[in-house]
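Dear colleague,

I am handing over the structure below, and my notes on it follow. Please read them with the coordinates open.

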Amino acid sequence: MTITRTLLGSAASLGLAAGLATTAVAQDNVTLTIATVNNGDMIRMQGLTDDFKEQYPNIDLEWVTLEENVLRQRVTQDIATSGGQFDVMTIGVYEVPIWAEQGWLTPLEDLPENYDTDDLLPSIREALSVDDQLFAAPFYGESAMVMYRTDLAEEAGVTIPDQPTWTDIKAAAEAMTDQDAGIYGICLRGKPGWGENMALIGAMANSYGARWFDMDWQAQFESETWNEVLTDYLDLMTNYGPPGAAANGFNENLSLFQQGKCGMWIDATVAASFVTDPDDSTVADSVGFAQFPNKEGVDNHGNWLWIWTLAVPAGSQKAEAAQQFVAWATSQDYTQLVAENEGWRAAPPGTRTSLYENEQYQEAAPFAEMTLNSINAVDTSAPAEGEIPYTGAQYVAIPEFQGIGTAVGQTFSAALAGQMDAEQALQSAQQLTQREIDRAGYGSD
Amino acid sequence: MARAVTNKTKAINTAIAWTVGILIFFPILWTILTSFKSEATAIADPPVFLFFDWTLDNYTTVQERSNYFRHFMNSVVISIGSTVIGLAIAIPAAWAMAFVPGKQTKNVLMWMLSTKMLPPVGVLVPLYLLFRDWGLLDTRIGLVIVLTLINLPIIIWMLYTYFREIPNDILEAARMDGATLRSEVIYVLLPMAVPGIASTLLLNIILAWNEAFWTLNLTAANSAPLTAFIASYSSPEGLFYAKLSAASTMAIAPILIMGWFSQKQLVRGLTFGAVK
């Protein structure tokens, strides 16, 4: 009996000691769960994390990679309910100010001294800050620009200026279109969604001088300017666009352009590295770039800005380790690491001034200057002409915009598919937008 | 007298059956073929069917990037676990409804079925909060519970339909011979219902394996099954169709093979009682 008690006592002591030891180890070792999106730059980062582990051997990384829309829903649900499933989240520039004001994000106050926040591009830094405090670190940024076939333009005898107007674009589209040869003058997004066709049409509206709302939060779709925007978009796509354009998003247009079926494609600057990649693109060495067009007399090149950022949820138990990871992944050293392993062309674009001052990058990436010009032209605090009550870029930075943008995108896509005309689509957009905005209580004060 | 089937009719029926079969299988075949193409060939226009440079690069990349085995094991545990627990609950429930029906049995059955009519997203937030408070987020046991509950109405309905085909007289005879309730169910009912139970089991494993709403929403890094593995290769900005196809092929291969080998039981179970 005594022996049994002694054995039990010893076992209990050993168990306790082991438990304490495990706790001590657990406090030292941290596993970060990182939610991220599946795109080339993020996947590249996952392959380079050995460098991070060398610097921080006590931090392990677990990746949850999801498609963009699934990721957005998943992280929103988790952060809104304090689910605590993720220690680092990949979120877009649209979410950052909204979530920061909700108190859902940890301010990035503990970034190392050599992080150099002053090196971040001004428009990017401003878009990710609330009251001058950075709430998310930019991993890569993009604006929109015109990518066009230099060979087709030459054959057609048209010149596309560095800063084209929509009139230039229409003339070039007309000249380059050769439907019998399967070449369409222009490819634009038509697939419905706030981040799909509405990203393009939203930026196009900015460049025409149109706005979503006036200062009293009254929707402006019945204005003459919006009518011009949608009519011109539909004319371009109907006369010079590919068949079935109402179903085309980024990937579909990328595929068409890479196969030489588009004369011009206006889309995210990140596409430049894809269309000039000789492994995947049949037109890699005949691509030219120009800034997002504007309407004559309107000094606005679309104000399209999208940034994928890394943010740390508020209340995270691993905030310190999470900020260490965020700082590593968005630092100048990381850019250097990518360049050493995969060449300067693969460096994550659109976040740091130093990258665009780097001669090796300028040489490797022919689209660098135009990307920088496009991003620098963005002003998220004043994306549209005239007085407006909102901020944003090709979107309106309010939580309701996802729903409104997608519903409006559906009506515009239906117009492109020939199910209604421009006037009917605008009427429908006006009604549904005003209904939602009134319901949400904007402008009722 | 049975109607004579002419050779011509037989040939037409066979041709129609093959056409329908190929049409249904074609998307899967196309996915498998695409998984062996380069990304450039995957988006070629006109599409390339068989004559391209076959490559295993996509499978190599997928293996390097993802922990396939962990996702696979999660799928196995979740689908088998939820099916076994579901059957353990459903067999007694279906027995009671088939052999000792009450006044409200039909209503109870309809009510159970009606839970399948609710869009899952309608209960996502409450369930997420419960899971958070109970520490079940991103756990296998949490997913087993959810999948058991969402598939239970289908299991009970299927078993109820099979049990109704079994003559009550046989069970009564067993009772007269002194069989207890436990013996009656285990030694008399279950052996007769094996085809039905087997097909229910197989169908439920397939449903649980393919479930892609709860398995994406309630998991993160630890318990994510193969549905999350596929989702991680879908991208709206970048053409990764060949890699996505390789991931899809790897995810569906186990269940496809299982379905192929057990098709006899599946067909027999699903058509049980359909023709009298």
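How many helices and strands are there in chain B? Chain B has 14 helices and zero strands, where helices (H or I, at least four residues) and strands (E, at least two) are DSSP runs numbered from the N terminus. This is a predicted model, in which local features need pLDDT of at least 70 and side-chain atom pairs count only at pLDDT 80 or more, whereas totals for chains, interfaces and linings use all residues. Residues are numbered from 1 along each chain as its sequence is written, while chains are lettered from A and ligands numbered from 1 in the order in which they are written.

Of the 276 residues in chain B, 34% are buried, that is, have 20 or more other C-beta atoms within 10 Å of their own, with C-beta atoms placed from the backbone.

Chain B meets chain A through 24 residues of chain B and 26 residues of chain A, a contact being a pair of residues whose C-beta atoms, placed from the backbone, lie within 7 Å. On the side of chain B that touches chain A, α6(B) gives the most, with four residues.

Best regards

How values were computed
Two residues are in contact if their C-beta atoms, placed from the backbone, lie within 7 Å. A residue is buried if 20 or more other C-beta atoms lie within 10 Å of its own, exposed if 12 or fewer, and partly exposed in between; C-beta atoms are placed from the backbone.
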